[in-house]
Each structure stands twice: as structure tokens, then as C-alpha cells.
Number of protein chains: 10
Amino acid sequence: MALFHVRMDVDIPRDLDPEERAETLAREKKYSQDLQHSGKWVHIWRITGKFSNISIFDVETPDELHEILWNLPLFPFMTIDVTPLNKHASSIK
Amino acid sequence: MALFHVRMDVDIPRDLDPEERAETLAREKKYSQDLQHSGKWVHIWRITGKFSNISIFDVETPDELHEILWNLPLFPFMTIDVTPLNKHASSIK
Amino acid sequence: MALFHVRMDVDIPRDLDPEERAETLAREKKYSQDLQHSGKWVHIWRITGKFSNISIFDVETPDELHEILWNLPLFPFMTIDVTPLNKHASSIK
Amino acid sequence: MALFHVRMDVDIPRDLDPEERAETLAREKKYSQDLQHSGKWVHIWRITGKFSNISIFDVETPDELHEILWNLPLFPFMTIDVTPLNKHASSIK
Amino acid sequence: MALFHVRMDVDIPRDLDPEERAETLAREKKYSQDLQHSGKWVHIWRITGKFSNISIFDVETPDELHEILWNLPLFPFMTIDVTPLNKHASSIK
Amino acid sequence: MALFHVRMDVDIPRDLDPEERAETLAREKKYSQDLQHSGKWVHIWRITGKFSNISIFDVETPDELHEILWNLPLFPFMTIDVTPLNKHASSIK
Amino acid sequence: MALFHVRMDVDIPRDLDPEERAETLAREKKYSQDLQHSGKWVHIWRITGKFSNISIFDVETPDELHEILWNLPLFPFMTIDVTPLNKHASSIK
Amino acid sequence: MALFHVRMDVDIPRDLDPEERAETLAREKKYSQDLQHSGKWVHIWRITGKFSNISIFDVETPDELHEILWNLPLFPFMTIDVTPLNKHASSIK
Amino acid sequence: MALFHVRMDVDIPRDLDPEERAETLAREKKYSQDLQHSGKWVHIWRITGKFSNISIFDVETPDELHEILWNLPLFPFMTIDVTPLNKHASSIK
Amino acid sequence: MALFHVRMDVDIPRDLDPEERAETLAREKKYSQDLQHSGKWVHIWRITGKFSNISIFDVETPDELHEILWNLPLFPFMTIDVTPLNKHASSIK
């Protein structure tokens with residue numbers, strides 16, 4: 001298994017059709033929740049004051065992670081930064 | 001309760017006495033594990049390839065977090081960056 | 001209680017309808033003053049030469065702060081940076 | 001009167017004599033509290049997780065501010081950034 | 001009196017009406033020269049190769065400076081950075 | 001399998017004992033070549049004009065990569081940045 | 001021969017005609033694969049989570065590399081950074 | 001004639017002999033004042049809160065400026081940034 | 001005489017009329033070549049992989065250089081950075 | 001042939017033996033001048049106000065350039081940045 005720290009900063013263009021906007025956000029939510037239920041999208045937190053999240057993914061490979069991120073409904077409006085993580089020697093888990 | 005994302009980058013000086021170094025690292029580990037058992041230091045991950053960790057804290061207030069960080073045995077050798085987090089509207093937890 | 005240092009940089013698009021612009025700025029002012037009267041938005045200062053402010057918030061939790069910031073009428077046109085603060089040991093207050 | 005936002009990041013060298021260190025920190029505290037009592041050093045907050053503070057000064061002129069900062073006992077070990085502030089049009093004070 | 005170093009970087013949108021552009025630049029010039037004659041805008045230099053200037057202001061307070069900058073005809077198209085200055089101990093003036 | 005792009009910038013302290021320096025560099029070379037022969041350290045290139053390399057690793061997991069990097073003989077003198085990679089849709093391999 | 005590390009970050013404008021977009025991407029793929037078959041475009045990897053690639057070129061001269069990059073169908077929508085590489089003394093190849 | 005904006009940030013090492021320090025600062029002051037009297041070092045201001053100055057030089061050529069800066073008694077302890085300036089079209093001087 | 005290192009990064013808007021674009025590029029080329037023949041624009045090189053050049057100018061004064069740069073046909077679409085240079089003590093020229 | 005733009009920033013440690021310092025600088029000068037006479041080190045300019053140079057190299061390959069730079073007597077005290085260049089379409093040379 002492979003752990004990744006992912007930061008997503010969202011910037012939806014002002015002129016996006018409101019219906020398309022609402023529909024994209026709804027699809028994004030469902031897409032995220034399906035992956036959370038599957039155990040691959042382990043955590044998602046909002047950054048205070050920003051249209052951004054910090055997430056933890058637990059996937060088989062970087063290829064699987066890229067596949068997930070590339071298909072995010074909000075992908076065209078996001079800047080994404082991926083940092084690989086490891087179990088820490090001090091972790092009690 | 002208040003969630004915080006904390007990144008710690010460690011830079012131990014080369015000329016630190018090896019015994020002091022070992023003893024400080026041991027105290028750091030115990031200090032971290034006590035706080036993990038208490039439920040305040042919720043996650044700690046190593047960043048791949050770096051003497052750095054990313055941690056999640058769940059504390060009562062920023063004051064409590066500062067008290068915890070300020071007393072880290074490695075504090076004098078760390079650069080620490082704190083980002084406040086929130087529950088995300090898409091989170092299933 | 002939790003103290004936060006918040007910097008807001010405003011960038012209103014040139015093609016925003018002037019009436020919408022004026023109305024948004026008026027709502028922003030009222031929104032801010034209501035929160036100042038409630039004691040949650042403790043300070044707001046203009047940065048000299050910039051369409052930016054530095055503010056201090058005193059809230060229950062980061063969640064409450066995010067709720068406040070996310071609902072700012074100017075939120076879609078702002079970049080916001082949040083830094084958690086603590087009482088300083090040298091403070092006489 | 002003139003308002004200034006001042007950030008001070010402290011980096012005390014590891015090899016500073018412990019007595020000199022303690023004495024300098026004590027002088028810094030007294031120096032700061034005297035200026036707080038005089039009304040010139042209006043606020044001082046600790047930044048969570050850092051040996052840094054954010055302060056607000058209310059002085060007659062930038063010259064007076066420079067005089068104050070230059071004579072901080074910790075000045076040789078600090079990086080200081082000064083940002084001029086103004087009363088904000090939305091402020092209720 | 002209070003001295004400030006001000007850098008202004010100008011970025012006029014390509015689609016600004018040419019007449020409005022010419023008229024704004026003319027008003028900017030007059031506005032600047034009036035303040036130069038008053039002794040408040042002490043120096044203005046062009047940065048070689050850029051649509052930018054570095055200026056020195058000598059004003060009563062930061063509030064007065066902000067008032068001046070906020071009302072620059074080009075203000076909506078400028079990025080402005082303000083640095084407070086002081087008389088230097090080596091200056092012969 | 002998991003592909004990673006790794007940049008290593010080396011900064012050996014001037015006062016390192018020359019023998020220790022030579023011995024560390026020799027161990028680093030052997031360590032790298034063993035991993036190259038094993039197929040895990042797929043590429044290593046020197047960056048022109050710098051004491052730095054860019055490498056490609058093909059490992060089972062980020063944990064395995066961290067284990068490899070953490071045990072580099074030059075690790076204490078390196079800054080390491082890891083970027084996860086994927087097969088590219090246009091790649092003919 | 002001359003080795004170069006090339007990073008390409010793609011940012012296709014949202015309002016590009018979808019047919020032109022699809023046709024440009026198809027031409028880009030063929031262009032890249034032809035150069036891969038010729039042995040000049042030695043590697044191409046996707047950066048996880050980004051519309052970016054990291055590539056290695058092996059060309060006769062920087063002039064040849066520039067010619068190749070300048071004629072990429074996606075060139076007008078790319079930011080390209082080129083770093084010259086060398087054989088590493090520890091490389092077993 | 002040629003105008004240059006020069007920023008000098010001073011960082012005197014803590015272990016410099018106090019006498020050498022005092023003597024260097026005295027020579028720096030005299031050196032600066034001689035050049036001010038000659039009309040070449042037109043302005044020197046202290047940046048509030050920093051061991052830094054911003055200066056304006058009016059010299060024959062960049063070569064003359066480099067000669068002046070290179071021979072500053074504090075040169076070995078300074079970071080210097082030079083920006084060429086021009087008369088501004090709005091200047092009344 | 002005065003030597004300057006000038007970097008020009010070009011970013012022509014996508015919606016510029018193709019004829020205006022071609023005509024501007026042609027004027028830029030002629031403008032540059034005239035100045036090269038005059039001996040003022042001493043060198044111009046393309047940066048590999050970028051719509052950018054690095055140039056060396058040899059002019060009487062910074063004022064003359066600004067005049068030249070300000071009138072570049074591509075000036076409205078360029079970011080320009082100017083660094084003053086000097087003859088190097090090791091140069092054999 | 002291959003053209004490269006090289007910037008070298010020199011930072012000689014204060015505690016380097018003065019004789020070794022003088023000897024290294026002398027060797028650096030001779031090394032540079034030999035390469036200038038050979039036609040490989042085409043230009044070297046001092047950056048005004050800095051212990052830095054900007055140089056142009058004309059070499060067979062990046063490997064040859066790296067060999068030259070790696071063997072600079074001042075290499076251990078330098079930060080070097082290499083940018084590949086090309087003949088510019090507007091160049092008259």
C-alpha cells in the first residue's frame with residue numbers, strides 16, 4: 001500500500017454556467033464519498049479560509065492515485081500537489 | 001475541538017553530542033507517543049526522503065497546541081508550520 | 001477561545017457590474033461590523049497602499065472561523081491566509 | 001499617530017552563553033512590557049508553533065518605531081518585517 | 001514627518017478604451033505633479049525596462065500616505081509596496 | 001511498481017575529515033551501484049554545474065523508497081525532493 | 001550527444017474549441033512518439049496529479065532541442081523548463 | 001550620468017572582534033559621507049526595523065558604481081541589490 | 001559606456017489579431033537588427049525551450065537603455081529584467 | 001557546438017586561510033583566462049555590486065561544460081546555475 005498527502009486548491013472560473021457549477025460540485029462530492037467508502041480516500045479536511053482541501057490517500061500505486069485525481073470532476077479547476085508519505089517510526093498505529 | 005495540520009522539518013546540528021542526540025530523539029518519541037495515546041496527536045507520517053513529518057492534532061485551542069509544540073524535545077532544531085483545518089463538507093466521517 | 005491572524009487581499013474583477021460591486025461592498029461592511037459588534041472580529045486594519053486588510057478574530061473554534069470567512073460577501077474575490085495566534089508570555093493583557 | 005504591523009522571528013544561536021541568554025530574554029520582557037504600559041506597543045501575540053511574534057505598534061513616526069526596534073535586547077537575533085497600517089473604513093472603533 | 005519608499009508596478013489591461021487610457025495617464029501625471037509641488041511626493045524614478053516607478057513620500061502619517069495612494073488614477077491597475085524609511089545615521093543631510 | 005523522480009542536492013561541510021569524506025563518497029557510490037544492479041535505482045544523472053543528481057527509482061512502495069534514501073551514506077548532507085511519476089499515455093514503452 | 005531534463009506544464013485555455021483541442025492533443029501524441037522512436041525523446045513520464053510531464057532528451061545540440069520543443073503542438077500552452085544533464089560518475093550504464 | 005537604486009542588507013558575524021567591528025563601522029560611515037559630499041551617493045535611508053539601507057547613486061557608469069560598492073568597508077558582510085533607474089516622465093525635477 | 005544584461009520573456013495574448021501579431025514580430029526583428037548594427041544591442045540569444053531571450057546592451061546611460069526597451073514593438077507583451085554588468089577582472093578582452 | 005549561460009555566485013568562507021584564499025583566486029583567474037584563450041569561455045562579466053559573474057560558454061557538449069565547471073578552483077565556494085542558449089532568429093551574427 002502507498003500513502004500520499006494531496007493538497008487541492010480549487011479555482012472555479014466566475015463565468016462557469018451556474019448549473020454546470022452546481023452539477024460539477026455535486027458529482028465531485030459523490031466521487032469523493034465513493035472513494036472514501038472504498039477506503040482509498042482516507043481523509044479530507046478543509047483548509048480554514050480557503051477553497052482548498054488536504055487529503056490523505058491510501059492506494060496500491062502512484063498510477064492508481066493519478067487515475068483517481070485525473071478523473072476528479074473539479075480537476076480542470078484545481079491545482080494539485082502530491083507528497084508521498086510513510087509510516088513514522090514514532091507512530092503508535 | 002480544533003484540528004491543525006502541522007509540518008515539522010528537523011535539522012539537528014552535526015556537532016550535537018551523540019549521547020544528547022540519542023537521548024533527545026528518545027524523549028521526542030516518548031513525548032509523541034504519550035500525546036498519541038491521549039488522542040491529541042491524531043496522526044504522524046514521515047515525508048518520503050526527508051527528516052520531516054506531517055502531523056494532525058486535535059486539541060481544545062491553539063494555546064494548547066502551542067504548549068505542546070513549544071515543549072517538543074526537538075523544538076530547538078525544528079521549523080514548524082501550522083495550518084488550521086476544518087471538517088470538509090464532503091467528508092463521510 | 002481561539003485567536004487568529006487573518007490577511008485578506010481583495011481583487012474585484014474589472015468587469016463586475018458596478019451596482020453588484022457597490023452592493024457587495026456594502027454587504028461586506030455590514031457583515032464585518034456585525035461581527036465586530038459581536039466581539040468575534042476583534043480588529044481590522046487596512047494595509048497602506050493595498051486593497052487588503054489584516055484582521056484579528058477571537059472565535060470558539062477554527063470551524064467557526066471558517067464559517068465566518070466562507071460567508072464573506074467578498075469571499076469569491078479574496079485570497080485569505082490564516083495564522084493561529086496565542087497569548088504571548090510578555091503580554092500585559 | 002502611526003500604526004505598524006511588526007513580525008519578529010527570533011533565532012538565538014545555540015552557543016550563546018545560557019546566562020546571557022536568560023538575561024537577554026528577561027531584559028526583552030521588561031523592555032516590551034514598559035512599552036506596552038506606555039501605550040506604544042499595543043499588542044503582542046505568539047505565532048502558534050514558532051519562536052515568533054506579531055505585534056502592533058502605535059507611535060508618532062517611523063523614526064520612533066525604528067528607535068524602539070533597534071534597541072530590542074533580542075534585535076541581533078531577530079528578523080523583523082514592518083508593514084504600515086491604517087484605520088479601516090469598516091472598523092467600528 | 002514620515003518617510004516611505006513606495007514601488008508601483010503598473011499593468012493596464014489591453015482592452016481598456018484608448019481614450020480612457022490616455023485620460024487616466026494624463027490625470028495620473030497631474031495628480032503626481034501636484035503632490036510633488038506640495039512636497040509630499042519627494043522623488044519619482046522610472047525603473048529601467050519596466051512600467052514601474054520607485055517613489056519617496058514624505059507625509060504626516062501612514063493614513064495620509066494611504067489616502068494619496070488609494071486615489072491614484074492608476075490605482076486599480078497597480079501593485080503597490082510600501083516600506084517605511086528613516087533618516088540614516090550616516091546621512092549628511 | 002511505483003516510479004519516483006528524486007533530486008538530491010549535496011552539501012558536504014568544509015570541515016568534514018577528508019578521510020571520512022572520501023570513505024563516505026566511496027560507500028555512497030557502492031550503495032548506489034548495488035541498487036542500480038538490483039533494478040531499483042533505474043537512472044542517475046549529474047546536473048550540469050552542480051553537486052546534485054536527478055534519479056529515477058522503481059520500487060514496490062514509498063516505504064521502500066524512504067528506506068533506501070534514509071540509508072544513503074550522504075543522507076545527512078543532502079536535501080532530497082521526491083516527486084511521484086506515472087507512465088505517460090504518449091510513452092511508447 | 002547532449003542529455004537534457006525537460007519539464008512541461010500544460011495549461012490549455014478553457015475556451016479552446018473542443019475539436020481544436022482534441023486535434024492538437026492527437027498531433028502532440030504523434031509528434032512525441034515519432035521522436036521517441038527516433039531515440040531523441042528518451043523518456044516521458046506523467047507527474048502524479050498534474051497535467052505535466054518530465055522528459056529526458058538525448059540530442060546533438062541545444063539548438064536541436066530548441067527546434068523540437070518550439071514545434072510541439074502544445075507549445076503555446078506550455079511552460080517549459082530545461083536542465084542540462086551529464087553522465088553521473090556512479091552510473092553503471 | 002547614471003542613477004541606481006541600491007539596497008544593502010548588513011549581516012555582521014557575531015564572532016567578529018568588537019574592535020574590528022567598531023572600526024569597520026566607523027570607516028564605513030566616513031566612506032559613505034565622503035561619497036555623499038562628492039555628490040555620487042545622493043541618498044541613504046535606513047529601512048525601519050532592519051540593519052539595511054536603501055540608497056540612490058548618481059555615477060558616470062556602472063563600472064564606477066561597482067568600484068564604489070566593492071570597496072565598502074562592510075562589503076564582505078553585505079548583500080547588495082542594484083536596480084538601474086531613469087528620470088520619470090512625470091517628475092518635476 | 002555601460003553594459004547591461006537584459007532578459008525578455010514574451011507572452012503574446014492568444015486573441016491578438018494574427019496579422020497584427022505577424023506585423024509586430026516583423027517590426028521587432030527589424031528594430032532589434034538595427035540596434036545590433038549600431039553596436040548598442042551587442043548580443044541576443046534564445047533561451048532553450050522558452051519564448052525568451054537574453055541580451056547584452058552596450059549603451060551610454062541607463063536612460064538610453066530604457067528608451068530602447070520602452071519602444072520595443074513587443075514591449076506591451078514582455079516582462080523585462082535588467083542587471084547592470086561590469087568588465088570582469090579576469091576577462092582577457 | 002553548444003552555448004550556455006552560466007551564473008556563478010561566490011561565497012568564500014571568512015575563516016579560509018588568507019594565503020589559500022589568495023592562491024585559489026589566482027588559480028581561478030589563470031584557469032578562466034586559459035579557457036577564454038581556447039575560445040570555450042566566450043564572455044565573463046561582473047554583476048554590479050556582487051561577488052558574482054555571468055559567463056557564456058561555447059562547448060562541444062554539456063559533459064564538457066560540467067567538466068570545466070566542476071574543476072573551477074572556486075567551485076566549492078560557488079553556486080552555479082546553467083541555462084542552455086540558442087542562436088536567436090533575430091541575431092545578425
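Between chain F and chain G, 20 residue pairs are in polar contact, both residues at pLDDT 80 or more; a polar contact is a pair of N or O atoms within 3.5 Å, where within protein one must be able to donate a hydrogen and the other to accept it, and residues adjacent in sequence count only if both atoms are side-chain atoms. The salt bridge count between chain F and chain G is 0, taking a salt bridge as a side-chain nitrogen of Lys or Arg within 4 Å of a carboxyl oxygen of Asp or Glu. This is a predicted model, in which local features need pLDDT of at least 70 and side-chain atom pairs count only at pLDDT 80 or more, while totals for chains, interfaces and linings use all residues. Residues are numbered from 1 along each chain as its sequence is written, chains are lettered from A and ligands numbered from 1 in the order in which they are written, and side-chain values use heavy atoms, with hydrogens and water left out.

**The F–G interface**

- On the chain F side, β1 (2–10), α1 (18–37), β2 (41–47), β3 (52–59) and β4 (78–87) each supply at least two residues that touch chain G; helices (H or I, at least four residues) and strands (E, at least two) are DSSP runs, numbered from the N terminus.
- The largest share of that side, 6 residues, comes from β2(F).
- In contact (heavy atoms within 4.5 Å) are 28 residues of chain F and 28 residues of chain G.
- About 2,600 Å² is buried between chain F and chain G, with carbon and sulfur atoms giving 59%; buried area is the accessible area (1.4 Å probe) that two parts lose on being put together, summed over both.
- W45(F), H88(F) and I92(F) supply 23% of what chain F buries against chain G, more than any other three residues.

- The same surface serves both copies, as 100% of the contact residues of chain F recur in chain G.

**The C–D barrel**

- Chains C and D supply 8 strands that close into an antiparallel barrel, in the order β1(C)-β3(C)-β2(C)-β4(D)-β1(D)-β3(D)-β2(D)-β4(C); strands pair if DSSP finds at least two bridges between them.
- β4 (residues 78–87) of chain C and β2 (residues 41–47) of chain D run antiparallel, joined by 3 bridges.
- L85(C) stands opposite I47(D) in β2(D).
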